[in-house]
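Here is a short briefing on one protein model. Keep the sequence and the 3D view open as you read.

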Amino acid sequence: MEDLSFIAGLIGNIFSIFLLLSPIRTFSQIVKHKSTEEFESFPYVSMLLNSIMGFYYGVIKPGLYMLAIISGLGVLIQLVYVVLFLIHAPPKIRAKTAILVGVLNVGFPISVFLIIQYTMHEDLQIEVLGFIRAGVSIVMSASPLVAVKRVVMTKSVEYMPFLLSFCFFTNAVVWTCYAILVEDLSIVASSGTGSVLGTLQLVVYAIYSKCEMPSNSILDELDDGWQHKRLLNEDNQDV
């Protein structure tokens, strides 16, 4: 069983790394032009929060070193993205992004850590943190629903790249298998939700896609998809 969980975790880490590195083209453009242009910071701020909570949970619960490793790497990578965004963003957007970072990436994790660390015993710490991490991940997993709604309304898959949808789905399925093998219900809940929503996304794509495959490269599709993923529907926001 340990060998199977290790293999599942390793595969999950590979898919996760692929997704973590997908915004590189966006930030190469930002650095080159010294401007964030029309790009949004929220996807990267929210993913940083998800990585922080995953790392904390993977560290305090025995046996989840695979989750701790990929989440720790995710924290480092997403932190670079967020810092680059802050450096090159216009003053107004920089201020709004800084507030998001302060609330979601600093204030919230510190509050959770202090409350859990000093008011709960070890077993309860793990259970509560697992519940919080699962909640954050489930909300993140629900973000494709915005893209699904747009596809249904426009009858076009332009804003829902297939490769990004497929990778998110596969990643969720692999981590669900890992969670079952290590018997972690919180990861089962979050990754299982991601698997169901990923399936829905692929079904919608199959219904509304054209017969020909898009000509974009893999990294282009993954990268473009990041800018159309939302934790909340922010079509009217400029952050």
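**Nonpolar cores**

The largest nonpolar core of this predicted model has 40 residues. Tyr-57, Phe-85 and Leu-129 have the most contacts inside it.

- Seven names to find in the view: helix 1, helix 2 (24-33), helix 3, helix 4, helix 5 (91-119), helix 6 (122-141) and helix 8 each give two or more residues to this core.
- Helix 3 supplies the largest share of the core, 11 residues.
- Leu-129 touches Met-53, Tyr-56, Tyr-57, Ile-60, Val-112 and Ile-116, leaving aside residues up to four places away in sequence.
- A second core of 5 residues is separate, and Val-148, Val-151, Val-204 and Tyr-205 are among its members.

**Helix 1**

- Helix 1 covers residues 2-20, which makes 19 residues.
- At 1.5 Å a residue, helix 1 should span 27 Å. Its end C-alpha atoms are 26 Å apart, so the two values agree.
- Which residues of helix 1 are buried? They are Ser-5, Ala-8, Gly-9, Gly-12, Asn-13, Ser-16, Leu-19 and Leu-20.
- Look down the axis of helix 1: the buried residues fall within an arc of 140°, so they line one face of the helix.
- The face turned away from that buried side carries Asp-3, Leu-4 and Ile-14, which are exposed.

**The salt bridge**

- Side chains of opposite charge can pair when their charged atoms come close.
- How many salt bridges does a search of the whole structure find? It finds 1.
- The partners are Asp-184 and Lys-61, with 2.8 Å from N to O.
- Asp-184 sits in the loop between helix 8 (162-182) and helix 9 (185-208), and Lys-61 sits in the loop between helix 3 (42-60) and helix 4 (65-88). The pair therefore ties together parts that are 123 residues apart in sequence.
- Is Asp-184 buried or exposed? Its relative accessibility is 1%, so Asp-184 counts as buried.

**Positive phi in two loops**

- Most residues other than glycine have a negative phi.
- Lys-34 is not a glycine, yet its phi is positive, about 55°. Lys-34 is found in the loop between helix 2 and helix 3.
- Lys-34 has a relative accessible area of 62%, so this residue is exposed.
- Glu-183 also is a residue other than glycine with a positive phi, near 60°. Its place is in the loop between helix 8 and helix 9.
- Glu-183 counts as exposed because its relative accessibility is 69%, and the cut-off for exposed is over 50%.

Notes
Residues numbered from 1 in each chain as written. Predicted model: local features only at pLDDT ≥ 70, side-chain atom pairs only at ≥ 80, totals over all residues. Heavy atoms only, no water. Salt bridge = Lys/Arg side-chain N within 4 Å of Asp/Glu carboxyl O. Helix = DSSP H or I, 4+ residues; strand = E, 2+ residues; numbered from the N terminus. Buried < 20%, exposed > 50% of the residue type's maximum accessible area, 1.4 Å probe, protein only. Expected span 1.5 Å × (residues − 1). Arc of directions from axis to C-beta. Core = buried A, V, L, I, M, F, W, Y, C linked by side-chain atoms within 4.5 Å. Contact = heavy atoms within 4.5 Å.
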